[in-house]
Amino acid sequence: MATTPLHFPMASSLPSASTSSSQSLRRRSTKGSFRNLRTTLCAMNAQNKSKIPIPPFNPKDPFLSQLASAASNSPETFLHKPVKSDTPPYLDLFDSPKLMATPAQVERSVSYEQRPRRPPPDLPSLLLNGRIVYIGMPLVPAVTELIVAELMYLQWLDPKEPVYIYLNSTGTTRDDGETVGMETEGFAIYDAMMQLKNEIHTVAVGAAIGQACLLLAAGTKGKRFMMPHAKAMIQQPRIPSSGLMPASDVLIRAKEVITNRDTLVKLLSKHTGNSEETVANKMRRPFYMDCTKAKDFGVIDRILWRGQEKIMHDVASPEEWDKLAGIKAVDGV
């Protein structure tokens, strides 16, 4: 038995129903797309729990519409691709951040303004700033290098201002008499002092032995001072340890020591005002001098009881400065 297909009325008979059905289909498709997007986002959030959770998606949010309009107006800003492939995307959308002062920096700038911005200099540098050269060690090469350099620097800084040399040294020997430096170390400092255009004020504090006593006596006449309890001593140069030297080398060194002794005698005679014979006789054995004996022997000019530095700035006569500074100069005890 043959079957005949059934025919139903088409859209021509129901125009209003077709229009409403198309609109409803669009709405359903839109809602379906939003549902699919939300489902996808939720799945991504479930897969990667370490990331920040995404808030619920609201299609009617006015911010999304503003963002969509802004993206359509300037797509190059929101859809910018990095130039380099190894650069993570969207890192160059913003300007480089500006550094802000941390609370610690703000506190330091406000609360600790009086702290020095750089470490203070060492003590010899501070003394050098006051034109003071302090010799407080035996005259070894390192000390000689430093003292000569300081004297040259002070003359370059101001060739008219005086230089103050404080001495507390055992010369080229230690306190037990062992030789630690050559006699030329003391002669090097002496020659540098003689080449200066400045006045040289020397002050003995503690001890001035051997070559150090020569440096004390080599100051400018009338500007050589000594503390009340300081000691000065002159002696013959010592021969360094000969070790396993042959006899000929020992003889050569002995001749050199004798030459240095004669030079030391001449220089001490020149600055103390004594004859070479007198100085040589005193130097046969160690000759110790307190402040009074040193003044009588001509090593110093005055004894300082107090105010060591005030007297060194005198431009008037010493007697006037004694009265102004309250310094007691003793001619003899």
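## A predicted chain: its cavity, strands and loops

By class, the lining of the largest cavity comprises three nonpolar, eight polar and two charged residues, where Ala, Val, Leu, Ile, Met, Phe, Trp, Tyr, Cys and Pro count as nonpolar, Asp, Glu, Lys and Arg as charged, and the others, Gly among them, as polar. Please keep in mind that this is a predicted model: local features need pLDDT of at least 70, side-chain atom pairs count only at pLDDT 80 or more, and totals for chains, interfaces and linings use all residues. Residues are numbered from 1 along each chain as its sequence is written, and side-chain values use heavy atoms, with hydrogens and water left out.

**The chain overall**

- The protein chain has 12 helices and seven strands; these are DSSP runs (helices H or I, at least four residues; strands E, at least two), numbered from the N terminus.
- Of its 333 residues, 29% count as buried, meaning under 20% relative accessible area, with exposed over 50% and partly exposed in between (1.4 Å probe, protein chains only).
- Contact means heavy atoms within 4.5 Å, and among contacts between residues at least 6 apart in sequence, 66% join residues at least 24 apart.

**The cavity**

- The structure holds one cavity of 30 Å³ or more. Here a cavity is a set of points, on a 1 Å grid over the protein atoms alone, where a 1.4 Å probe fits but cannot get out; lining residues have an atom within 4 Å of a point.
- The largest cavity has a volume of about 80 Å³, a volume being the space filled by probe spheres set on the points, with grid points joined across faces, edges and corners.
- Its lining is made of 13 residues, and those closest to the centre are Thr172, Glu183, Gly210, Gln211 and Gln235.

**Strand S2 and its partners**

- Strand S2 (residues 163-169) is largely enclosed by the rest of the structure, because six of its seven residues are buried.
- S2 runs parallel to strand S1 (residues 132-135), and four bridges join them; two strands pair if DSSP finds at least two bridges between them.
- Between these two strands, Tyr134 has Tyr166 of S2 as its bridge partner, and Ile135 has Leu167.
- S2 also runs parallel to strand S3 (residues 200-209), joined by six bridges, with Tyr164 opposite His201 of S3.
- From S2 the chain crosses through helix H7 (residues 183-195) to S3 in a right-handed β-α-β crossover. Right-handed means that, with the strands pointing away from the viewer, the path from the first strand over the helix to the second runs clockwise.
- A right-handed β-α-β unit is also made by S1, helix H6 (residues 141-157) and S2.

**Two loop residues to look at**

- Thr179 sits in the loop between S2 and H7 and is partly exposed, with a relative accessible area of 23%.
- Leaving aside neighbours within four places in sequence, Thr179 is in contact with Thr172, Thr173, Arg238 and Ile239.
- Lys223 lies in the loop between helix H8 (211-217) and strand S4 (224-226), and counts as buried at 12% relative accessibility.
- The C-alpha atoms of Lys223 and His201 are separated by 4.9 Å, and these residues are 22 apart along the chain.

Technical notes: On a 1 Å grid over the protein atoms alone, a cavity is a set of points where a 1.4 Å probe fits but cannot get out, and a pocket is an open set with protein on both sides within 12 Å along at least five of seven lines; lining residues have an atom within 4 Å of a point.
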